Amino acid sequence: MNIGVLALQGGVIEHLKQIEALGHKGIEVKVAEDFEKIDAIILPGGESTTIGKLLRITGLMECLREKIQGGMPVWGTCAGMILLAKEIENQPFNYLGVMDIKVRRNAFGTQIDSFKTKKVIKSVSDKEIELVFIRAPYVLEAGTDVDILCEVNGNIVAARQGNILATSFHPELTNDLSFMRFFIEEIVHSSLVDNLSIY
Ligand SMILES: NC(=O)CC[C@H](N)C(=O)O
């Protein structure tokens, strides 16, 4: 499969490496034409304000929003989660606004409060997964269509709404491919099968 990674700012290469490690093609997405080449897209971590500004300047914002609303599978990591959210606490505007969640930015504290922990996320793997949090957001409120996949200290850090996956943490910064495998096999693959069955 061809998995795009939004390549305006942030942790692009790490995602591309994990995609390729699973035998798929990783494609950097920088212009609207790149959307024609991909089956799914990852919005990497970075700085949501910067990526948001670049999405507006390049005109990619509308294009990306339309693709996601049309069913393209998307995974937002950290800043990517903020870009997907319908509501951002203490901020009067959103970015893509496609996922029915309200998020708190920098929810665990500043850069020096970055931390790692381990959890079993049943829908993803039976084994413990290392979770890396870097000035991460978490989900304050989620709509009824949103499945909660993981909580840390009672805070929602991974959630799915149909074709949309959001994580506060960074699986791409670990050697564990299980989250990428989950995204590609469960979310991307099932959406392709659904689309085929229309015909
Ligand atoms: N690692 C990250 O993506 C950090 C996100 C960043 N704190 C933001 O609010 O956009």
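Guide: Start with one caution about UniProt features: their names are shortened here, and an annotation may be inferred rather than shown by experiment. The model itself is predicted.

Visitor: Where does UniProt place the feature "binding site"?

Guide: The unreviewed UniProt entry puts "binding site" at Gly46, Glu47, Ser48, Arg105, Ile134 and Arg135. These residues are spread over 90 residues of sequence, yet they cluster in space. Their largest C-alpha distance is 13.0 Å.

Visitor: Which residues are around the ligand in the model?

Guide: They are Gly45, Gly46, Glu47, Ser48, Cys78, Ala79, Ile82, Arg105, Asn106, Ile134 and Arg135. By kind, this shell divides into 4 nonpolar, 4 polar and 3 charged residues.

Visitor: Let us take one of them. Is Gly46 buried or exposed?

Guide: Count the C-beta atoms around the residue. A residue is buried if 20 or more others lie within 10 Å. Gly46 has 20 such neighbours, so Gly46 counts as buried. Gly46 sits in the loop between strand E3 (40-43) and H2. Setting aside neighbours within four places in sequence, Gly46 is in contact with Gln9, Gly10, Gly11, Ile51 and Ala79.

Visitor: And how many other C-beta atoms lie within 10 Å of Arg105?

Guide: There are 18, so Arg105 is partly exposed. Arg105 belongs to the loop between E6 and strand E7 (115-120). Beyond four places in sequence, Arg105 touches Ile82, Ile88 and Pro137.

Visitor: Which residues does the "active site" annotation cover?

Guide: In the unreviewed UniProt entry, "active site" covers Cys78, His170 and Glu172. Look at both sequence and space. The three are spread over 95 residues of sequence, but they cluster in space, with a largest C-alpha distance of 11.2 Å.

Visitor: Where is Cys78, and what does Cys78 touch?

Guide: Find the loop between E4 and helix H4 (79-84); Cys78 is there. Cys78 has 28 C-beta neighbours inside 10 Å, so Cys78 counts as buried. Leaving out residues up to four places away in sequence, its contacts are Gly45, Ile134, Ala136, Pro137, Ser168 and His170.

Visitor: Where is the place of Glu172?

Guide: Glu172 is in the loop between E12 and helix H5 (178-197). Glu172 is buried, because 26 C-beta neighbours lie inside 10 Å. With residues up to four places away set aside, Glu172 touches Gly11, Glu14, His15, Gln18 and Thr77.

Visitor: Now H3. Which of its residues are buried?

Guide: In H3 (residues 60-69), the buried ones are Leu60, Leu64, Lys67 and Ile68. Their arc around the axis is only 95 degrees, which puts them on the same side of H3. Turn to the other side of H3, and Glu62, Glu66 and Gln69 are exposed.

Visitor: What covers the buried residues of H3?

Guide: The cover includes helix H2 (48-58), strand E4 (74-77) and strand E12 (164-167). Just after H3, Gly71 has a positive phi of about 110 degrees.

Visitor: Last, step back. How many helices and strands has the protein?

Guide: The protein has 5 helices and 12 strands. Its radius of gyration is 15 Å, close to the 16 Å that the globule rule gives for 199 residues, so the protein is as compact as a globular protein of that length. The C-alpha trace spans about 45 × 40 × 35 Å along its principal axes. Buried residues make up 41% of the 199. Now take the contacts with a separation of 6 or more: residues 24 or more positions apart account for 65% of them.

Terms used:
Residues are numbered from 1 along each chain as its sequence is written. This is a predicted model: local features need pLDDT of at least 70, side-chain atom pairs count only at pLDDT 80 or more; totals for chains, interfaces and linings use all residues. A residue is near a molecule or strand if its C-beta atom, placed from the backbone, lies within 6 Å of it. Ala, Val, Leu, Ile, Met, Phe, Trp, Tyr, Cys and Pro count as nonpolar, Asp, Glu, Lys and Arg as charged, and the others, Gly among them, as polar. A residue is buried if 20 or more other C-beta atoms lie within 10 Å of its own, exposed if 12 or fewer, and partly exposed in between; C-beta atoms are placed from the backbone. Helices (H or I, at least four residues) and strands (E, at least two) are DSSP runs, numbered from the N terminus. The arc is that of the directions from the helix axis to the C-beta atoms. Two residues are in contact if their C-beta atoms, placed from the backbone, lie within 7 Å. The radius of gyration is taken over C-alpha atoms; the globule rule is 2.2 Å times the number of residues to the power 0.38.
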